[in-house]
Amino acid sequence: MSASVFPVLEAHLPSVSKPIQYVGGELNSTVKEWDCAPEGPTVRWTLMYPDAYEVGLPNQGVQILYEVLNERPWILAERTYAVWPDLEAVMREHDIPQFTVDAHRPIGDFDLLGLSFSTELGYTNMLNALDLGRIPLHAVDRTEDHPVVIAGGHAAFNPEPIADFIDAAVLGDGEEIVLAISEVVRDWKRQGRPAGEMASPRLELLRRLAVTGNVYVPRFYDVAYGEDGAIASVVPNRADVPERVRKHTLMDLDAWPYPAKPLVPLAETVHERFSVEIFRGCTRGCRFCQAGMITRPVRERSIQTVGAMVENGIRKTGFEEVGLLSLSSADHTEIGEIATDLADRYEDQNVSLSLPSTRVDAFNITLANEFSRNGRRSGLTFAPEGGSERMRKVINKMVTEDDLIRTVAAAYSHGWRQVKLYFMCGLPTETDEDVLQIAELAKRVIATGREVSGRNDIRCTVSIGGFVPKPHTPFQWAAQLDHETTDERLRKLREEVRADKRYGRAIGFRYHDGKPGAVEGLLSRGDRRVGRVIEAVWRDGGRFDGWSEHFSYDRWMAAADEALAGTGVDVAWYTTRERGYDEVLPWDHLDSGLDKDWLWADWEDALAVADGSADVEVEDCRWTPCYDCGVCPEMGTEIQIGPTGQRLLPLSVV
């Protein structure tokens, strides 16, 4: 039996900020008995989004898995989030372990600890939770009395930097694989936790997970390094473990309409809305986009399933905003019908619909009007990504300046006053001139808005992020721009905007300096040696590295200098160095389905476009012949899109 720590915790909550985030009891949350299985052993999960409650609670991935697991009578799943430094100090002083928010049980009492990483900057929060949870930091030091620590999410497609701290990693969609893992754990417990031929019961459990081919267990793979510091090989050290671990792909989204009981937060969170994922995957082929590459192929939810999920979510939560989510929501083959039918259904119901960032070439005013019909008319967000036409061709973002101007002209002429444009700085082959083109584009947007609307209160916000090359993309071989050059380019751009007396004041300018991107680059393309850096940063007080007020570039660089001394590699080796085709990449043994030769050819195409020797456009394979990226035949999957020809009937108001 696992006892609640709440009686001890409660007395100290008045002394910390936002104590409500630690009390649990949210609408639609689940608390089960510790031994909930009707017969046989109970399998117990803690699910963690390694960030603060306000960021972690709205996370769709964790909410879905929480619900999928708890629907099984023999599985208990609870949630935990990173605690702020003020509560951490209290917990260390009074010996309170890391706890779940559902029943306030110590996370060390559970069978499994599943962490969802959407960014690598959450790694230090993971180490802090393990330490507070009295779970040994290093996987090799754990026994069968400790949880199996499993990483998932986008960052798990290269888990090598945290290989020393996790027991396993799962690539791809989680809905089915968490149940398969639970079955393995249940069978092992039912058999009395045997060691089999392994040195310990824990190793036997990990072996059983690894031989499925869908769970990566780092300790069963040996990494060798060459004299130049590069990886020489990554090979299994057991005959029954596969050479490559495959990602998992959920093929019928309509069969998994989750979350069906969405959590309603007690404290304010970053997204106060009910979100429905209308499709998964993207085949637009933007060369920088890891999310688009690793989630292939496209799988759409039908219009009826979307309608049912929206209706159920509003009824179960009371939220007044519904977000239709995907990597490119306006690309759903029936998005027009979805927008019109939902707007009809909820007319005068105080329910507003929203689309996240929209592709310029998928946007139309009819769609925008439907989404704003029942709610407030908020600003529109578009992501041209590259400032110049040349740059957009390099990254395969096939949107021209004229496309953008036509789109914003339509928006401003139909009553919108504000447009947000998202760009990246530091893309491969980028020059100062490419970045300065962002200013010219923003000025043209303002001029167009004033002209078509006849008003002067037109605004355009330019938001710029630093580009970080990611695994499993054509840019995985690219050199990352150093933070000094990134900051200098952004300084020139800011001055260019501010110097313009006609348009400067109408253009908002938001950007992050290049230093966090340099650390993210180290972590995203790092190997197992980078784990020493992460641990050193955490031991030096590193927490919440995704928050600018807690991030310390100097701390990371000092830790890297010390931890990587004598290895022949340094931060620059991981970040600002271009890779070659023959180099063994840390994630080559992890199979996202993408053919490495296809990725390399796309990288070469990008360089050819950059120097003008070729003009290669990779179109969306939803509407063109296959480009042989490898995913569908390799993974036994296929693109699943409409149109279904169905409508949300009857269209009576709910």
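1. Start with P297. This residue sits in the loop between α8 (290-294) and β11 (299-300). The peptide bond joining R296 and P297 is cis, with omega about 0°. Keep in mind that this is a predicted model.

2. A cis peptide bond also joins Y258 and P259. Here omega is about -5°. P259 belongs to the loop between β8 (245-246) and β9 (274-277).

3. Next, look at backbone phi. N28 is not a glycine, yet its phi is positive, about 75°. N28 falls in the loop between α1 (6-10) and β1 (43-49). Its relative accessibility is 17%, so N28 counts as buried, the cut-off being under 20%.

4. H104 is not a glycine either, and its phi is positive at about 55°. Find H104 in the loop between α4 (85-93) and β3 (112-116). H104 counts as buried because its relative accessibility is 6%, under the 20% limit.

5. Turn to the helix pair α3 (residues 60-70) and α6 (residues 175-190). Their axes lie 10 Å apart, and the packing angle is about 45°. The two helices are therefore oblique to each other. Their crossing is right-handed.

6. Which residues of α3 and α6 meet? From α3 come I64, L65, V68 and L69; from α6 come E175, V178, L179 and S182. By class, this contact has six nonpolar residues, one polar and one charged.

7. Helix α3 also holds V62. Is V62 buried or exposed? V62 is buried, because its relative accessible area is 4%, which is under 20%. Leaving aside residues up to four places away in sequence, V62 touches L47, M48, Y49, R79 and S116. T249 is 187 residues from V62 along the chain; the C-alpha atoms of the two are separated by 17 Å.

8. Now the open sheet. Four strands form it, in the order β14-β15-β16-β17, and the pairing is parallel. The edge strands, β14 (380-385) and β17 (507-511), each pair on one side only. On average, neighbouring strands are turned by 20° against each other, direction ignored.

9. β14 and β15 (residues 418-425) pair in the parallel sense over four bridges. L380 stands opposite V419 in β15. Helix α15 (residues 483-498) packs on the sheet and touches β15, β16 (459-466) and β17. The direction of α15 makes about 170° with that of β17.

Note on methods:
Residues numbered from 1 in each chain as written. Predicted model: local features only at pLDDT ≥ 70, side-chain atom pairs only at ≥ 80, totals over all residues. Heavy atoms only, no water. Axes fitted to C-alpha atoms, helices over the stretch in contact; angles between N-to-C directions. Parallel < 35°, antiparallel > 145°, perpendicular 65-115°, else oblique. Left-handed = near helix turned anticlockwise from the far one by under 90°. Contact = heavy atoms within 4.5 Å. Nonpolar A, V, L, I, M, F, W, Y, C, P; charged D, E, K, R; others polar. Buried < 20%, exposed > 50% of the residue type's maximum accessible area, 1.4 Å probe, protein only. Pairing = 2+ DSSP bridges.
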